[in-house]
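Student: Could you take me closely through a single part of this model, and show how its pieces are arranged? I would like one connected account that I can follow on the structure itself.

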Amino acid sequence: MYHVMLVPTLNCPSNCSYCWGSKDNAGVMDIKIIKEVMEWLRSYREDPVHITFHGGEPLLAGYDFYKKALPMLKEGLGDREAGFSLQSNLWLLTDELAQLLRDYGVAVSSSLDGPKDINELQRGKGYFDKTMKGYDVARRNNLPVNFICTFTSYSKDLVDKIFNYFLECGYNLKLHPALPSLRGDNSDPWALSPEDYGKLLIELLDMYMDHMDEIEITDFDHFCKSYFIRKGTVCVLADCLGDTLAVDFAGNIYPCYRFTEMPEYVMGNVRDNPSVEDLQQSEAWKVIQSFMDLVDENCKKCRFIKMCRGGCPYNALKADGGYIKNVDPQCTAYKMIFEDISKRATKEMMANMMPSNPSLKKEKKGGIMSLMIK
Ligand code: SF4
Ligand code: SF4
């Protein structure tokens, strides 16, 4: 399966302090680009494809856009297995849009950084109420929504409060560390250092282990599964090149949505129906390929190489001024969480083998192994 992110626009009505993904007065995708996307995907690869509408704010494209785009993609791709998701702040969600997304099985996620006061500080005044209003629209139309929670240099110290908020509300979540961007420095003061991100992951895993039957934190499911099968199950823990692509409002193709509208990372355009081989000729492909080559050498002695693959090439590019000189600086965090999972798994195995040993207390609920095989 490969993943294509469609970015109908980089415009966004919210003004989150650490956001690097939006742009004022950006172009908006015309439906003719979706037709070209569909024609390109029909010949690009034969395996299943997952399509995510991302932004900016993708709902700015409007109801009429999705009313045409979803059937065009679903039916146009014929027998090809295709799934859909959408990442939105939900401010523009209407009943008719919610019903349309529900009818096409679109998996919706939204961003929420915890209780209202934390959102007001990190995402701006009014964000929380507008997103909750959209969430109510989704709920009354039976459209499930998952939340992505961004942890920053500020909110990392409020982890108990944030975790308990999601737990009490019954919301599942996905974690997102605030990270520096190639586009500008506004996110720098909010960014989490690798050590802080590693500590946060360990702290949250501890809380998750006590509440596994009440909440789902998908990151840990992925970290554990990747550790167990010795292969990354999300892009940052795998070789993302070619398996993740993004398309902007004008049909330009990039290695990932994080590069959207950066001309130096354009790999081709959907109107030209590029093949995998065509995209491989682009400079952007070669840059990411050089990251993978560097990982093979740099990480060859790391016991987590198969389930980490050097992390995210975008983070590596950002850290070295747009050049590939090292792996993802979050290496420290990945090592910390994989070490922690490894220790927990060993302890659990020993406890199962020696149930009478009081120093090897069994986990009350499921344990790390249950996440590995989830
Ligand atoms: S560049 Fe980073 S965020 Fe983008 S697909 Fe690759 S690993 Fe994922
Ligand atoms: S944990 Fe660090 S050294 Fe190990 S594979 Fe990942 S990036 Fe490389």
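**The sheet and a helix pair**

Tutor: In this predicted model, an open sheet is formed by 9 strands that follow the order β6-β5-β4-β3-β2-β1-β7-β8-β9, with mixed pairing. The edge strands are β6 (173-177) and β9 (268-269), each of which pairs on one side only. Strands of a sheet pair through backbone hydrogen bonds, which may run in the parallel or the antiparallel sense. For β1 (residues 2-6) and β2 (residues 49-53) the sense is parallel, and the two strands are joined over 5 bridges; within this pair, L6 stands opposite F53 in β2.

Turning to the helices, α1 (residues 31-44) packs with α2 (residues 63-76) at an angle of about 15 degrees, their axes lying 10 Å apart. Since angles under 35 degrees count as roughly parallel, α1 and α2 are therefore described as roughly parallel to each other. The crossing in which α1 passes α2 is right-handed. On the α1 side the contact is made by I31, I34, K35, M38 and R42, while α2 contributes F65, K68, A69, M72, L73 and G76. Sorted by class, this contact of α1 with α2 comprises 7 nonpolar, 1 polar and 3 charged residues.

Conventions. Residues are numbered from 1 along each chain as its sequence is written. Chains are lettered from A and ligands numbered from 1 in the order in which they are written. This is a predicted model: local features need pLDDT of at least 70, side-chain atom pairs count only at pLDDT 80 or more; totals for chains, interfaces and linings use all residues. Axes are lines fitted to C-alpha atoms, for helices over the stretch in contact, and angles run from 0 to 180 degrees between N-to-C directions. Helices (H or I, at least four residues) and strands (E, at least two) are DSSP runs, numbered from the N terminus. Angles under 35 degrees count as roughly parallel, over 145 as roughly antiparallel, 65 to 115 as roughly perpendicular and the rest as oblique. A crossing is left-handed if the near helix is turned anticlockwise from the far one by less than a right angle, and right-handed if clockwise. Two residues are in contact if their C-beta atoms, placed from the backbone, lie within 7 Å. Ala, Val, Leu, Ile, Met, Phe, Trp, Tyr, Cys and Pro count as nonpolar, Asp, Glu, Lys and Arg as charged, and the others, Gly among them, as polar. Two strands pair if DSSP finds at least two bridges between them.
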